[in-house]
Amino acid sequence: METILVKAGEEAVASAAGILKNGGIVAVPTETVYGLAANAYDVNAVRAVFNAKGRPQDNPLILHICSIDMLHDITDSVQPLATRLAESFWPGPLTMIFPRKAHVPAETCGGLDTAAVRMPRSKFTLELIESCGFPIAAPSANTSGLPSPTSASHVFEDMNGKIPMIVDGGECRYGVESTVVCFEGEDRVRILRPGAVTPEMLREFCHVVIDNGVLEKLGPDAKVISPGMKYKHYSPAAEVYILKGGDDKTAKFIAKHCSVSTGFLGNGDERLPDSIIRFPYGSTSEEQAENLFASLREADSRGCREVYVRMPDTSGIGLAVYNRLLRSAGFRVIDLDGGSDALHE
Ligand code: TXA
Ligand code: MG
């Protein structure tokens, strides 16, 4: 199959809508990461998404909507807190989990009796959903297990030959996927995946619990609310390690362990050997969120064997950066202040 790249705009809305209405799939931009879209109510189209990504069937998709009417078509239990959060954060990077109505296909929701729903902020994608008239199921448009795509060229790397069309809407604003929450009673949410809608922001509205799976490695038998938490994720081919410690200790560690194929994501203040390949990271959490996936992909294109990444600050969107990074690194954090050199465990 030939994969064409088209610029976001009115014409692209019409052609993407044509593909989706005919049961096809197409990659679209959102403000978080690129998504691989299908009619959420069309079981065959949804299966095509799972196939193109190589995604496990039990990992449910997010339904993207353009209106509150569409939310009521998916669920009949929108509690007052959900309405308040929707009013404040939609359109935007917040995904909420609701009991699903019977007509929402189980396949879309990984066999669960709930559906995850969000209203994206991308103008193109909102117009596309509107023009289709049905919710769009869209996981991140990467091959399952690889870093999520934050530009159309990343999608092309993974999906060339597998899907008919990629809509190029430029680089994604946030660079990490939406915050996923479920409700616990009338006044509490549980964060299953952190994102740009931060715990601090949600605390203005309700009690907030951060699920253990956000920062801890779950055992193989752990019960998870969100199936995505148990899979390997966001991993480049290079081995990723998180380095916890100051500039000097980091520089010393790198000098000792680097080779010609060592990549590094840091804040720019570290004094490192010239042979180290630096990739953009940034000194604020927002910059780190924007750069993380692109830099991990870049490290693979440059043939890095290992990549060291400075421990991010974990407040605000930094919690999302750390959550993604832990998974990229298979939870390998080297504590340079702890004295032990835990490399190559
Ligand atoms: O920002 C985003 O959310 C992007 C863009 C494209 O919208 N989408 C995205 O989708 O990240 P995906 O499929 O890569 O991640 C969806 C996450 C998975 O961890 C999945 O397990 C969880 O949401 N999820 C989906 N439906 C769920 C449900 N009914 N209950 C619990 N978790 C659910
Ligand atoms: Mg994903």
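Start by selecting Glu290. At a relative accessible area of 40%, this residue is partly exposed. Glu290 belongs to helix α9, which runs over residues 285-301. Keep in mind throughout that this is a predicted model.

**Stop 1: the acidic patch**

Together with Glu290 they gather in a patch of negative charge on the surface.

**Stop 2: strand β10**

Next, select residues 188-193, which make up strand β10. Is this strand enclosed or open? Five of its six residues are buried, so the rest of the structure largely encloses β10.

Now bring in the neighbors of β10. Select residues 179-183 for strand β9. The pairing of β9 with β10 is antiparallel and spans four bridges. Pick Val181 and look across to β10: the bridge partner is Ile191.

Follow the chain from β9 to β10. The two strands form a hairpin, with four residues between them. Click Gly185 in the turn, where phi is positive, at about 75°.

Then select residues 207-210, strand β11. Here the pairing with β10 is parallel, again over four bridges. Return to Ile191 and find the residue opposite in β11: Ile210.

**Stop 3: strand β5**

Select residues 94-99, strand β5. Five of the six residues in β5 are buried, so this strand too is largely enclosed by the rest of the structure.

β5 pairs with β9 in the parallel sense, over three bridges. To see where, select Leu94 and Thr179, which stand opposite each other.

β5 also pairs with strand β6, residues 114-118. That pairing is antiparallel and has four bridges.

**Stop 4**

Most residues other than glycine have a negative phi, and most peptide bonds are trans.

Begin with Trp90 and Pro91. The peptide bond between them is cis, with omega near -10°. Pro91 sits in the loop that leads from α4 (80-89) to β5.

Move to Tyr234. Its phi is positive, near 55°, though the residue is not glycine. Tyr234 is in the loop between β11 and β12 (239-244). Is Tyr234 buried or exposed? With a relative accessibility of 4%, Tyr234 counts as buried.

Then go to Phe331. Here phi is also positive, at about 65°, in a residue that is not a glycine. Look for Phe331 in the loop between α10 (318-328) and β16 (333-335). Phe331 is partly exposed, at a relative accessible area of 24%.

**Stop 5: salt bridges**

Side chains of opposite charge can pair when their charged atoms come close. How many salt bridges does the structure hold? There are 15.

Select Lys123 and Glu127 to view one of them. Their closest N and O atoms are 3.2 Å apart. Both residues lie in helix α5 (residues 123-132), and because they are four residues apart, about one helical turn separates them. Glu127 is partly exposed, with a relative accessible area of 31%. Lys123 counts as exposed, at 62% relative accessibility.

Glu270 forms a salt bridge with Arg278, with the closest N and O atoms 3.2 Å apart. Arg278 is partly exposed, at 37% relative accessibility. Glu270 is buried, at a relative accessible area of 4%.

Glu270 also has a salt bridge with Arg310, where the closest N and O atoms are 2.7 Å apart. This pair links distant parts of the chain, 40 residues apart. Arg310 is in strand β15 (residues 306-310), and Glu270 is in the loop between β13 (262-265) and β14 (277-279). Both Arg310 and Glu270 are buried.

Definitions and conventions:
Residues numbered from 1 in each chain as written. Chains lettered and ligands numbered in written order. Predicted model: local features only at pLDDT ≥ 70, side-chain atom pairs only at ≥ 80, totals over all residues. Heavy atoms only, no water. Patch = residues over 30% accessible without salt bridge, like charges linked within 9 Å, V, L, I, M, F, W, Y side chains within 5 Å. Areas by Shrake-Rupley, 256 points an atom, 1.4 Å probe, with all protein chains shown as cover. Salt bridge = Lys/Arg side-chain N within 4 Å of Asp/Glu carboxyl O. Lys, Arg positive; Asp, Glu negative; His and termini not counted. Charge placed at Lys NZ, Arg CZ, Asp CG, Glu CD. Buried < 20%, exposed > 50% of the residue type's maximum accessible area, 1.4 Å probe, protein only. Pairing = 2+ DSSP bridges.
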